[in-house]
Amino acid sequence: MVKIIRTFDFSANDFFDYIEDSLTKKIKKARNNNKNVKITTGTRYALKGRDGTINTKVVINKFERNKIYSATFTSLGEVVTADYATKDTNKGCKITLTEDIQTYDPEQHNKLANLFYDFMYHRSAQEELNKLANGVQKFKEKR
């Protein structure tokens, strides 16, 4: 499991505005319609790859605006749950990202393989959080 805590120069409200906008676009595209989308706990959708086949199924586990967004992503051979917990502070929005890779069993690998795996997933999670924060900043500036 990977846990990263960072503070960014925007509010939890800004973060969830961006998440809702992004998810709404993805869900409309996945469902191939332009109907209204309500982001709630239990919402499901599937992302298609370049070839048009479904390659990632997504379930929103928990969605409480300005508090938590949790989703599980299931693709070929991998199941990852990402939790984004937010809290406004006097320094900005503190985001705690917790990623749990349910398909990786450390007991099946040696210590060196586990260290490498942890390093790669931690780095990937950091990149994802930074990419998300950049998206929030750009979205905030456009409004």
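Six salt bridges are counted in this predicted model, a salt bridge being a side-chain nitrogen of Lys or Arg within 4 Å of a carboxyl oxygen of Asp or Glu. The model is predicted, and local features need pLDDT of at least 70, side-chain atom pairs count only at pLDDT 80 or more, and totals for chains, interfaces and linings use all residues. Residues are numbered from 1 along each chain as its sequence is written, and side-chain values use heavy atoms, with hydrogens and water left out.

| Salt bridge | Closest N and O atoms |
|---|---|
| R65 with D17 | 2.3 Å |
| D21 with K25 | 3.1 Å |
| E64 with K62 | 3.5 Å |

The bridge between R65 and D17 links distant parts of the chain, with R65 in the loop between strand 3 and strand 4 and D17 in helix 1, 48 residues apart. Helices (H or I, at least four residues) and strands (E, at least two) are DSSP runs, numbered from the N terminus. D17 is buried because its relative accessibility is 17%, while R65, at 31%, is partly exposed. The cut-offs are under 20% relative accessible area for buried, over 50% for exposed, and partly exposed in between, with a 1.4 Å probe and protein chains only.

D21 and K25 both lie in helix 1, four residues apart, about one turn of the helix. D21 has a relative accessibility of 26% and so counts as partly exposed; K25, at 53%, is exposed. In the pair of E64 and K62, both residues are partly exposed, E64 with 33% relative accessible area and K62 with 38%. Salt bridges that share partners also join D17, E20 and R65 into one network.

T24, in helix 1 (residues 12–31), reaches the backbone oxygen of E20 with its side chain at 2.7 Å. Leaving aside neighbours within four places in sequence, T24 is in contact (heavy atoms within 4.5 Å) with V37 and I39.

The largest nonpolar core has 33 residues, and those with the most contacts inside it are F10, F15, Y69, Y84 and I95. Strand 1 (2–8), helix 1, strand 3 (54–64), strand 4 (68–75), strand 5 (78–89), strand 6 (92–101) and helix 2 (111–142) each supply at least two residues of this core. Such a core is a set of buried Ala, Val, Leu, Ile, Met, Phe, Trp, Tyr and Cys residues joined through side-chain atoms within 4.5 Å. In soluble globular proteins, nonpolar side chains tend to be buried together. Beyond four places in sequence, the contacts of Y84 include F15, Y69, I95, L129 and L132.

Some nonpolar side chains are at the surface. F116, F119 and M120 form a nonpolar patch with about 330 Å² of accessible area together. M120 is placed in helix 2 and is partly exposed, because its relative accessible area is 34%.

Most residues other than glycine have a negative phi. N32, in the loop between helix 1 and strand 2 (44–48), has a phi near 55 degrees and is exposed at 71% relative accessibility. N66, in the loop between strand 3 and strand 4, has a positive phi of about 70 degrees and is partly exposed at 31%.

Technical notes
Polar contact = N/O pair within 3.5 Å; in protein donor to acceptor, adjacent residues only side chain to side chain. Patch = residues over 30% accessible without salt bridge, like charges linked within 9 Å, V, L, I, M, F, W, Y side chains within 5 Å. Areas by Shrake-Rupley, 256 points an atom, 1.4 Å probe, with all protein chains shown as cover.
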